[in-house]
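These are my notebook entries on a structure that was new to me.

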Amino acid sequence: MYIKVINPTKHGTATYSNTGSCSNLVEYLGKENESLAIDKREMFFNQTDDEISSNAVIKMIDNNVKGIAKGRTRFNSLVIAPDKEEQEHIKNDPVALKKYTCEVMKAYAENFHLKSGKKLGINDLVWAAKLEYERNGNNEANMHVHVIVSARDKEQQITLSPNTNDKKRFNRVNFYLESEKAFDKLFHYERLESKLKTDQMIKYGNLYERDKYFTALDEKRAQFQSNEIGKSITQGIQSVNSQRGQYQEEFKKKKVKKRNSQNLKL
């Protein structure tokens with residue numbers, strides 16, 4: 001699972017600025033629809049609405065800026081991109097990915113830790129997302145989602161900055177891990193390895209932590225392989241039994257047919 005809070009000044013070529021209107025980003029995300037028939041176009045969505053127009057997105061984000069000083073971040077954007085195995089697990093279902101996006105935004109809201117102690121939920125956010133398809137060299141469609149979320153809460157009382165360096169306020173790594181767990185829970189996905197957690201362990205774990213983590217991971221891999229072998233053997237036995245049953249049924253039919261034929265001759 002690839003989930004990223006985008007910083008337009010650091011990540012790739014900046015196609016927009018998040019200190020002004022979100023119109024450039026909305027227009028950029030709408031380009032995929034230009035080559036599609038109307039009934040094939042993807043609309044923006046959030047937890048309450050499946051069909052939000054581009055103009056409505058611009059209006060909801062650009063009007064939710066009370067209290068934000070000029071030149072400061074007015075909105076943030078995220079990318080949610082499941083890998084090939086995860087997409088196959090949800091059968092490449094766009095509805096499932098949209099449902100998961102709402103789970104990610106729940107985790108996003110809950111990951112903000114405010115001095116007041118107030119807990120945020122998804123309904124405290126002002127956001128919209130758009131699902132897109134990116135075809136690879138094999139012409140396979142890779143689904144991913146772009147999210148635009150206001151830098152102020154719905155009541156325009158709290159500034160929400162996921163790009164802060166204050167991990168006590170918002171811990172991006174924790175947000176990514178919680179979002180990954182949300183996928184596993186929502187779709188009953190048995191994750192062999194969290195690549196993000198492995199990467200974090202390699203970069204920041206001490207010798208004891210790394211040894212403990214990778215020992216447990218090796219044991220999990222061995223158990224997974226054992227289960228897969230067992231599953232393969234079980235499927236093979238079931239296939240043989242099925243074929244045996246089919247053969248026995250055909251043999252019975254032939255015996256009955258032969259007996260009936262003999263009775264007719266008598």
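**Entry 1. Helix α4.** I looked up the buried residues of α4 and found Ala96, Leu97, Lys98, Tyr100, Thr101, Cys102, Val104, Met105, Ala107, Tyr108 and Ala109. Buried means under 20% relative accessible area, exposed means over 50%, and partly exposed lies in between, with a 1.4 Å probe and protein chains only. Helices (H or I, at least four residues) and strands (E, at least two) are DSSP runs, numbered from the N terminus. I noted that α4 has 17 residues and that its first and last C-alpha atoms are 25 Å apart, close to the 24 Å expected at 1.5 Å a residue. The expected span is 1.5 Å times one less than the number of residues in the helix.

**Entry 2. Basis and confidence.** I recorded that this is a predicted model, in which local features need pLDDT of at least 70 and side-chain atom pairs count only at pLDDT 80 or more, while totals for chains, interfaces and linings use all residues. Residues are numbered from 1 along each chain as its sequence is written, and side-chain values use heavy atoms, with hydrogens and water left out. The pLDDT is the predictor's confidence in each residue, from 0 to 100. Its mean over the protein is 86, and 81% of the residues reach 70 or more. Confidence is highest in α4, at 98, and lowest in helix α7 (residues 207–265), at a mean of 67.

**Entry 3. Overall layout.** I found seven helices and four strands in the protein. Their order along the sequence is β-α-α-β-α-α-β-β-α-α-α. The protein has 266 residues, of which 35% count as buried. I then looked at contacts, meaning heavy atoms within 4.5 Å. Of those between residues at least 6 apart in sequence, 67% join residues at least 24 apart.

**Entry 4. Nonpolar cores.** In soluble globular proteins, nonpolar side chains tend to be buried together. I took a nonpolar core to be a set of buried Ala, Val, Leu, Ile, Met, Phe, Trp, Tyr and Cys residues joined through side-chain atoms within 4.5 Å. The largest one has 37 residues, and Tyr100, Met105, Tyr108, Trp127 and Phe175 have the most contacts inside it. Two or more residues each come from β1 (2–6), β2 (75–81), α4 (94–110), β3 (127–135), β4 (141–150) and α5 (172–187). The largest share, nine residues, is that of α4. Another core, of 16 residues, lies apart from this one and includes Ile6, Tyr16, Val57 and Phe75.

**Entry 5. Asn46 and Trp127.** I located Asn46 in the loop between α1 (23–29) and α2 (54–62). Asn46 counts as buried because its relative accessibility is 12%. A polar atom of its side chain lies 3.3 Å from the backbone oxygen of Trp127. Not counting residues up to four places away in sequence, Asn46 touches Ile52, Met60, Cys102, Trp127 and Ala128. With neighbours within four places in sequence left aside, the contacts of Trp127 include Phe45, Asn46, Met60, Cys102, Met105 and Val149.

Entry 6. I asked myself: is Lys130 buried or exposed? Lys130 is buried, since its relative accessible area is 0%. This residue lies in strand β3, and its side chain reaches the backbone oxygen of Leu29 at 3.1 Å. Beyond four places in sequence, the contacts of Lys130 include Leu29, Glu32, Glu42, His144, Val145 and His146. Val145, in strand β4, is likewise buried, with a relative accessible area of 0%. The C-alpha atoms of Val145 and Lys98 are 8.1 Å apart, although 47 residues separate the two along the chain.

**Entry 7. Cysteines.** I looked for disulfides, defined as pairs of cysteine sulfur atoms within 2.5 Å, and the count came to zero. Cys22 is buried at 0% relative accessibility, and Cys102 is buried with a relative accessible area of 15%.

Methods:
A polar contact is a pair of N or O atoms within 3.5 Å; within protein, one must be able to donate a hydrogen and the other to accept it, and residues adjacent in sequence count only if both atoms are side-chain atoms.
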